[in-house]
Amino acid sequence: MTNRLRILRAERSWSQQDLADRLEVSRQSVNAIETGKYDPSLPLAFKLARLFSIPIESIFTDEA
Amino acid sequence: MSCSSATPARKRYERRVLTLMLVYLPTIFLTGRFVRHHALQGWLLYFWSILPAIPVIALIAMMGRYLQEETDEYQRVLTVRALLVATAALLGTLVVDDFLRSFASTAIPPFIGFTIFWLSFAIAIGVQTLRDRAAIHD
């Protein structure tokens, strides 16, 4: 699964730590999601979607 | 899971571990003294022999509590992965120990299994943290 998290974050000039604080997770977690090493759970994906005010599928793309 | 990125649940876990260690150290010291200097037998010997295991078992329970309290799901995944690595290392050690007992009439010294478990856990956490740090870019 790929994602546009880095682009969305850059559009808002947020650092990984900024995003991590808003999501109430560690910076390590944001980095793992951004780099595709970890796919977030549905609740966290919904939290991301609410934060960026866009649908989940606008953030994450299923490569299958 | 470095100190700098420690989540609130992780900090609570570390405080509990420290408290348990403060209980464990005098317990193991007292046990050593009682068992060596008194000719204990029967239930008293069993009691003193098992006593130091209680804080150690509590340590494992604290890990379970940490996993329940950790709200950062990625940190939870890292911990569970490390626990799997540690469990595999422990099972491997126990299998080797069983075969040594069966065919060579010898055994791995006491407490090696527990040491291997936590050492493997620490290495697994360390490797994952280093790998994540190498990939961090803002």
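1. A salt bridge is a side-chain nitrogen of Lys or Arg within 4 Å of a carboxyl oxygen of Asp or Glu. In this predicted model, that rule finds 1 salt bridge across the interface of chain A and chain B. Lys37(A) forms a salt bridge with Asp132(B), and their closest N and O atoms are 2.8 Å apart. Between the two chains, 8 residue pairs are in polar contact.

2. On the side of chain A that touches chain B, the elements giving two or more residues are α1 (5–11) and α3 of chain A. The greatest contribution comes from α3(A), with 6 residues. The residues of this side comprise 5 nonpolar, 8 polar and 5 charged.

3. The extent of the interface may be described as follows. Chain A brings 18 residues to the contact and chain B brings 16 residues. About 1400 Å² is buried between the chains, and carbon and sulfur atoms give 47% of that area. In chain A, the residues that lose the most area to chain B are Gln28(A), Lys37(A) and Tyr38(A), which together account for 44% of what that side buries.

4. Helix α5 of chain B covers residues 112–135. This helix of 24 residues reaches 34 Å from its first C-alpha to its last, close to the 34 Å expected. Its buried residues include Phe117(B), Trp118(B), Phe121(B) and Asp132(B). The buried residues of α5(B) pack against α3 (27–34) of chain A, and also against α1 (8–37), α3 (53–69) and α4 (73–103) of chain B.

5. Phe46(A) lies in helix α4 (residues 42–52) of chain A. Is Phe46(A) buried or partly exposed? Phe46(A) is partly exposed, because its relative accessible area is 44%, a value between the cut-offs of 20% and 50%.

Notes: Residues are numbered from 1 along each chain as its sequence is written. Chains are lettered from A and ligands numbered from 1 in the order in which they are written. This is a predicted model: local features need pLDDT of at least 70, side-chain atom pairs count only at pLDDT 80 or more; totals for chains, interfaces and linings use all residues. Side-chain values use heavy atoms; hydrogens and water are left out. Helices (H or I, at least four residues) and strands (E, at least two) are DSSP runs, numbered from the N terminus. The expected span of a helix is 1.5 Å times one less than its number of residues. Buried means under 20% relative accessible area, exposed over 50%, partly exposed in between (1.4 Å probe, protein chains only). Contact means heavy atoms within 4.5 Å. Buried area is the accessible area (1.4 Å probe) that two parts lose on being put together, summed over both. A polar contact is a pair of N or O atoms within 3.5 Å; within protein, one must be able to donate a hydrogen and the other to accept it, and residues adjacent in sequence count only if both atoms are side-chain atoms. Ala, Val, Leu, Ile, Met, Phe, Trp, Tyr, Cys and Pro count as nonpolar, Asp, Glu, Lys and Arg as charged, and the others, Gly among them, as polar.
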